[in-house]
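Here is a short report for a reader who is new to this structure. Please look at the sequence and the model first, then read on.

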Amino acid sequence: MTAVMLLAGVTKTYPGSPPVHALVSVNLSISAGDRIAVLGPSGSGKTTLLHVLGTLERPTTGAVWIGGHEVSGLTDAELSAVRAYRLGFVFQNFYLLDHLDAVSNVALGLLYWGGSHRDRASAAIDALQRVGLGHRLAHTPGQLSGGEKQRVAIARALAARPSVLLADEPTGNLDSATGAEIVTLLAQLADDGTAIVVVTHDGGIAAAMDRQVLMRDGRVISDVRTGQRAGLQGSP
Amino acid sequence: MIAGAGVRNATEQVAGRKSRFRLADAVRTATVGLRSRALRAALSALGVAVGIAAAVAVLGISASSKSNLLAQLGAEGNLLTVSAGQDFTGGPAPLPLTAEGMIGRIPPVESVTATGYLPNATVRRTAAVPTINTGGISVLAVQPNLLATLGGSVARGTFLNRATSHAQAVVLGAVAAQTLGISRVPVGTLVYLDGQYFSVVGILRPVPLAPEIDEAALVGFPVANQLLGLGGHPTELYLRAAPDQVTAVNQVLPFTANPAQPEAVQVSRPSDVLAARAAAKNAFTGLFLGLGAVVVLVGGLGIANIMVISVLERRTEVGLRRALGATRRQVGVQFLAESLVLSLLGGLAGVGLGALATVVYAMTATQTPVVPLSAVAAGLAVALSVGLLAGAYPASRAARLAPADALRAS
């Protein structure tokens, strides 16, 4: 199975005194349909890993490959195109724009992807229906519950049909029942081949994924497949 | 992958397409951003609106007055006046009886008319009004062709003709009629003029080029000579010269009017006086334009200030948009477009307000309102440049935000 994303010897160091080694020699391979939980204590480098995977930050050393191509040589515009077409993001705080309704918030995920205003709106409605919010199209974030907001954010991330979905503590602001629904939704979405990487503290989420990457002090200290897919894919 | 393949080629394989953001998207994004902070946006655009309104109103009012003035001047300002001055002893030097005829023979002179001032004559409503209450009305002897030369017209009744010039008939200037309280001229309307009753046969409309006519009671030369002791000498001549010959005529007038004492003749061009008055108004135009420019500048600083604050407040939005695939440039364009929309709305409101002020002013001054297209275009151009300048720095700040830092800001 070919990797949709590959990190090889990635180090991220923030200058300062002393310098902060957020990532140290990280190797990670992500295949289509992977459901990965990244676990670890605060400050272990989980979010930095997600930002490097999302091309929001460039590694200090090492290589990031997306679709078989190394991204360090790409310009800002080219990296932006990678994010627009290949990657989807879900955040703990949802980051919905308060003055836009659900459809417009989801359509924002397609704004930099192209297509006419009307096409983007109809793709946004499709995405909202996929996450079960077909009845909340015209609601603004203020009129939605926390779980519904996160569903809108997931719809926004998926609208452009990315190959990798990156989620940073997606259930961190939700109660456990709602969080479980969101996890179930994310797990379902990977069935069409979208790889999912979830950064979390929550053991429940980790158990719902089929691969657990444990981090400490910027290093990957274990990378285990436990899910039903483990047998199908073999060892990394 | 082939080694050495272009980066762009690689990106196309990676991404399929380039990150896109159309002009319509930029404008839509900008208006959404502003609508979410409508009050703040309106207040920050107000400065630009007020400044541009002031400038457009000043230019509009000035243009309206100018077009009104040109209408007043009638032809190309070819009216000249010749008046009796003083001789070298300081005594009055009346114009010779021949002056009018001589001037009429100068080829470029199209028409000429004489008036004679009667310094001792007064006009009152009746004999019962004390002599001292003259109301500042002077008595002038005039010729029937006065109105044709001055471009004046009659508001009520008729002007003097050859017949009524011999009779005890008087025509009142606009101001004189108002002073005497006469607004209509039914048969039998009389005024007491230098000891005798004269019939009022007409009232004139104001004559902008010769305000002295407005304040005068006009009688014919024959009756002035017979009853009022004028002696036939004109004191002032009005003439129209061919428009391209005005300067040449101007030079020969003193010698022609009074060959014996050319230095005792005063020649003037009333349109110069009006033009000077208009120029004095223009001095204020410059001042107000300067003030308008200062207000626009301050308004622009207000917009820049609001945009800088907006970028700081919306760091996470910037981070989000970068994560969704916006390039640095697209983020910059978004904030620049917000600034431009803001200042352009201010500019449009300002042009509207300025035009409205011009119309209101012109209507109260009974002028035809003129809003120069150049003022409108300049107002909008200034608004656009202010928006561009005010938005440039905040936009570049927003564009330079590192996406990961912007997302961590919350």
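In which loop of chain A is the place of Thr55(A)? Thr55(A) sits in the loop between helix 1 (46-53) and strand 4 (61-66) of chain A. Keep in mind that this is a predicted model.

## Backbone features in chain A

Thr55(A) is not a glycine, yet its phi is positive, at about 60°. Thr55(A) counts as buried, because 23 other C-beta atoms lie within 10 Å and 20 or more are enough.

Tyr95(A) is another residue that is not a glycine but has a positive phi, here about 55°. The place of Tyr95(A) is in the loop between strand 6 (87-90) and helix 3 (102-108) of chain A. Tyr95(A) is buried, with 23 C-beta neighbours inside 10 Å.

One peptide bond also deserves a look. Ser17(A) and Pro18(A) are joined by a cis peptide bond, with omega about 0°. Pro18(A) belongs to the loop between strand 1 (3-14) and strand 2 (20-31) of chain A.

Why point these out? Most residues other than glycine have a negative phi, and most peptide bonds are trans.

## Chain B as a whole

Chain B has 14 helices and eleven strands. Its radius of gyration is 35 Å, while the globule rule gives 22 Å for 410 residues. The value is well over the rule, so chain B is more spread out than a compact globule. The C-alpha trace of chain B spans about 115 × 50 × 35 Å along its principal axes.

Of the 410 residues in chain B, 42% are buried. Now take the contacts in chain B between residues at least 6 apart in sequence. Of these, 84% join residues at least 24 apart.

## Two helix contacts in chain B

Two packed helices are described by the angle between their axes and the distance between the axes. Helix 12 (residues 328-364) of chain B takes part in both contacts described here.

Begin with helix 2 (residues 23-35) of chain B. Its axis comes within 8 Å of that of helix 12 of chain B, and the two cross at roughly 65°. Angles from 65 to 115 degrees count as roughly perpendicular, so helix 2 of chain B and helix 12 of chain B fall in that class. Their crossing is right-handed.

Which residues of helix 2 of chain B meet helix 12 of chain B? They are Ala26(B), Val27(B), Thr29(B), Ala30(B), Thr31(B), Gly33(B) and Leu34(B). From helix 12 of chain B come Val333(B), Gln334(B), Ala337(B), Glu338(B), Val341(B) and Leu342(B). By class, this contact has eight nonpolar, four polar and one charged residues.

The other partner is helix 13 (residues 373-400) of chain B. Helix 12 of chain B and helix 13 of chain B pack at an angle of about 150°, and their axes are 7 Å apart. Angles over 145 degrees count as roughly antiparallel, so this pair is roughly antiparallel. The crossing of helix 12 of chain B and helix 13 of chain B is right-handed. Their contact has 19 nonpolar, ten polar and three charged residues.

Ser44(B) is found in helix 3 (residues 38-73) of chain B. Is Ser44(B) buried or exposed? Ser44(B) is buried, with 27 other C-beta atoms within 10 Å. Leaving aside neighbours within four places in sequence, Ser44(B) is in contact with Gly302(B), Ile303(B), Ile306(B) and Leu342(B).

Pro144(B) lies in the loop between strand 4 (138-142) and helix 5 (146-150) of chain B. Pro144(B) counts as partly exposed, with 16 C-beta neighbours inside 10 Å. Not counting residues up to four places away in sequence, Pro144(B) touches Phe159(B), Leu160(B), Asn161(B), Arg162(B) and Ser165(B).

Ala293(B) lies in helix 10 (residues 270-313) of chain B. Ala293(B) is partly exposed, with 15 other C-beta atoms within 10 Å.

| Pair | Separation in sequence | C-alpha to C-alpha distance |
|---|---|---|
| Pro144(B) and Thr164(B) | 20 residues | 9.4 Å |
| Ala293(B) and Leu59(B) | 234 residues | 13 Å |
| Ser44(B) and Tyr361(B) | 317 residues | 27 Å |

Conventions:
Residues numbered from 1 in each chain as written. Chains lettered and ligands numbered in written order. Predicted model: local features only at pLDDT ≥ 70, side-chain atom pairs only at ≥ 80, totals over all residues. Axes fitted to C-alpha atoms, helices over the stretch in contact; angles between N-to-C directions. Helix = DSSP H or I, 4+ residues; strand = E, 2+ residues; numbered from the N terminus. Parallel < 35°, antiparallel > 145°, perpendicular 65-115°, else oblique. Left-handed = near helix turned anticlockwise from the far one by under 90°. Contact = placed C-beta atoms within 7 Å. Nonpolar A, V, L, I, M, F, W, Y, C, P; charged D, E, K, R; others polar. Rg over C-alpha atoms; globule rule 2.2 N^0.38 Å. Buried ≥ 20, exposed ≤ 12 C-beta atoms within 10 Å, placed from the backbone.
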